[in-house]
Amino acid sequence: MSAAAPPVQHPRAKDGFRGRTCSITAVGSYVPTRVLTNADLEKMVDTTDEWITSRTGIKERRIAARDEYTSDIAAQAATRALHHAGLTANQLDLIILATITPDMLFPSTACLVQRKIGAHRAAAFDIEAACSGFIFGLEIGQQFIMSRTYNTILVIGAEKLSTIIDWSDRSTCVLFGDGAGAAILQNRPNSHGLLTVCMGSDGNKADLLSMPGGGSRCPATEKSVADRLHYLRMDGKETFKSAIGAMLTAAQEALRRCDIDIGRIKCVIPHQANQRIIDAVGERLGVRPDQVFVNVDRYGNTSAASVAIALDEAVRSGRVQRGDLILLVVFGAGLTWGAAVIEW
Ligand code: UT7
């Protein structure tokens with residue numbers, strides 16, 4: 001940041017905001033130990049490392065063990081975030097968990113995580129905004145903090161996508177991986193924290209990326225299984241185009257609300273779906289490649305966990321320091337999208 005840059009004003013200051021601020025006070029993440037490389041995929045479907053690398057940037061992804069569920073992955077990330085915050089699970093008021101791969105349709109995976117980590121005082125619920133879920137969760141959490149309803153909130157993005165991937169479909173099975181990231185939200189007077197969060201949706205494009213089976217419209221039957229309706233389906237080309245436009249619009253809106261020039265953002269953390277999407281959004285935003293955090297090469301697309309894992313890695317690697325301005329920007333099924341500007 002240049003020495004002459006004026007101080008950042010919190011957007012709420014214009015509305016008489018008096019000191020209460022929602023900050024991310026700690027983050028944590030977890031990925032399963034098993035690595036599935038592009039070379040492994042070459043043995044499973046008609047693909048090549050060259051095709052996957054050049055079209056997506058992905059080299060490998062993590063796959064959870066058979067008996068390791070979304071709630072387990074989420075609980076690991078949550079425990080790390082709590083540890084980094086110096087908190088015990090019993091101090092949590094609320095758990096918000098974003099996922100498209102819950103352990104089961106109900107009860108919520110958030111309640112299963114509550115049991116696993118021993119967060120006895122907390123209320124807990126799931127949200128579903130696909131790859132945008134973590135940012136939607138941050139905004140929901142922020143509203144509870146700012147309204148003084150809760151003081152200490154755990155937001156988790158967690159996925160075991162390997163269970164809904166059609167491992168015979170080369171157009172999708174090379175793209176996704178498992179993992180989780182978590183953040184602790186707290187009121188921190190005298191800090192700016194979450195400056196703004198933008199969210200958007202377009203249900204008219206719901207069919208671009210979906211899993212048709214398993215809900216009330218198409219419950220599991222022998223036919224639904226035979227028709228492979230319990231797997232993720234995607235129109236890759238159309239999703240690609242929508243992703244670039246929506247992420248760009250969301251990022252620009254978030255920056256505009258904060259009156260911040262992109263040059264002042266220390267680190268852009270985009271949804272990790274495809275290196276080409278990340279590059280296209282970065283180029284249109286006018287950021288240098290070294291301003292953009294990327295780990296899609298190591299984990300693929302982990303949906304709701306994606307930016308949460310990336311944020312934790314950016315913090316742990318020193319790419320993001322306290323006081324830095326960061327921009328998260330996401331896109332996913334729904335369609336859904338969002339962006340957040342944070343003074344770390
Ligand atoms: O998290 C939610 C957001 N998700 C996304 O943003 C994903 C968006 N979409 C994408 O990232 C890209 O569209 C893909 C990576 C999924 C596909 O890249 P593409 O450049 O759009 O390729 P394509 O679908 O146009 O396929 C090009 C060719 C086709 O062959 P023909 O018809 O040209 O002969 C495909 O059959 O590549 C073929 N192909 C593959 N070849 C080798 C598709 N998948 C593979 C594969 N290996 N794994």
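Contact, in this tour, means that heavy atoms lie within 4.5 Å of each other. The model is predicted, so local features need pLDDT of at least 70 and side-chain atom pairs count only at pLDDT 80 or more, while totals for chains, interfaces and linings use all residues. Residues are numbered from 1 along each chain as its sequence is written, and side-chain values use heavy atoms, with hydrogens and water left out.

**Stop 1**

Select leucine 327. Setting aside neighbours within four places in sequence, leucine 327 is in contact with Ala251, Ala254, Leu255, Ile262, Ile265, Cys267, Val268, Ile269, Leu285, Ala339, Ala340 and Val341.

Next, turn to the nonpolar core. Such a core is a set of buried Ala, Val, Leu, Ile, Met, Phe, Trp, Tyr and Cys residues joined through side-chain atoms within 4.5 Å. Buried means under 20% relative accessible area, exposed means over 50%, and partly exposed lies in between (1.4 Å probe, protein chains only). The largest nonpolar core has 50 residues, of which Ile260, Ile262, Ile265, Val268, Leu285, Leu327 and Val341 touch the most other members. Helices (H or I, at least four residues) and strands (E, at least two) are DSSP runs, numbered from the N terminus. Two or more residues of the core come from each of strand S8 (193-201), helix H8 (236-258), helix H9 (275-285), strand S12 (325-332) and strand S13 (336-343). Helix H8 gives the largest share, 10 residues.

Colour the two domains, whose bounds come from an automatic or database domain assignment. Domain 1 (11-186) and domain 2 (194-343) both give residues to this core, so it lies between them. A second, separate core of 36 residues includes Ala98, Ala304, Ala340 and Ile342.

**Stop 2: the open sheet**

Display the strands in the order S1-S7-S6-S4-S5, which form an open sheet of 5 strands with mixed pairing. Two strands pair if DSSP finds at least two bridges between them. At the edges are strand S1 (22-30) and strand S5 (123-127), each pairing on one side only. On average, neighbouring strands of this sheet are turned by 20 degrees against each other, direction ignored.

Select strand S6 (152-159) together with strand S7 (179-187): the two pair in the antiparallel sense over 8 bridges. Threonine 152 stands opposite glutamine 186 in S7. On another pairing, S4 and S6 run parallel and are joined by 5 bridges; leucine 94 has isoleucine 153 in S6 as its bridge partner.

Is S6 mostly covered or mostly open? It is mostly covered, with 8 of its 8 residues buried. In a regular strand the side chains alternate between the two faces of the sheet. In S6, Thr152, Leu154, Ile156 and Ala158 point one way, Ile153, Val155, Gly157 and Glu159 point the other way, and all are buried.

**Stop 3**

Within H3, the buried residues are Thr70, Ser71, Ile73, Ala74, Ala75, Ala77, Ala78, Ala81 and Leu82. They pack against S1, S4, helix H4 (109-117), S6 and S7. After H3 comes glycine 86, with a positive phi near 70 degrees.

**Stop 4: loops**

Where is proline 107? Proline 107 is in the loop between S4 and H4, and a cis peptide bond joins phenylalanine 106 to it, with omega about 0 degrees. A cis peptide bond also joins glycine 334 and leucine 335, with omega about -10 degrees; leucine 335 lies in the loop between S12 and S13.

Select arginine 148, in the loop between helix H5 (133-146) and S6. Its phi is near 65 degrees, a positive value in a residue other than glycine. Arginine 148 is exposed, with a relative accessible area of 59%.

Finish at aspartate 259, in the loop between H8 and strand S11 (267-270). Aspartate 259 has a positive phi of about 60 degrees although it is not a glycine, and at 68% relative accessibility it counts as exposed.

Methods: Axes are lines fitted to C-alpha atoms, for helices over the stretch in contact, and angles run from 0 to 180 degrees between N-to-C directions.
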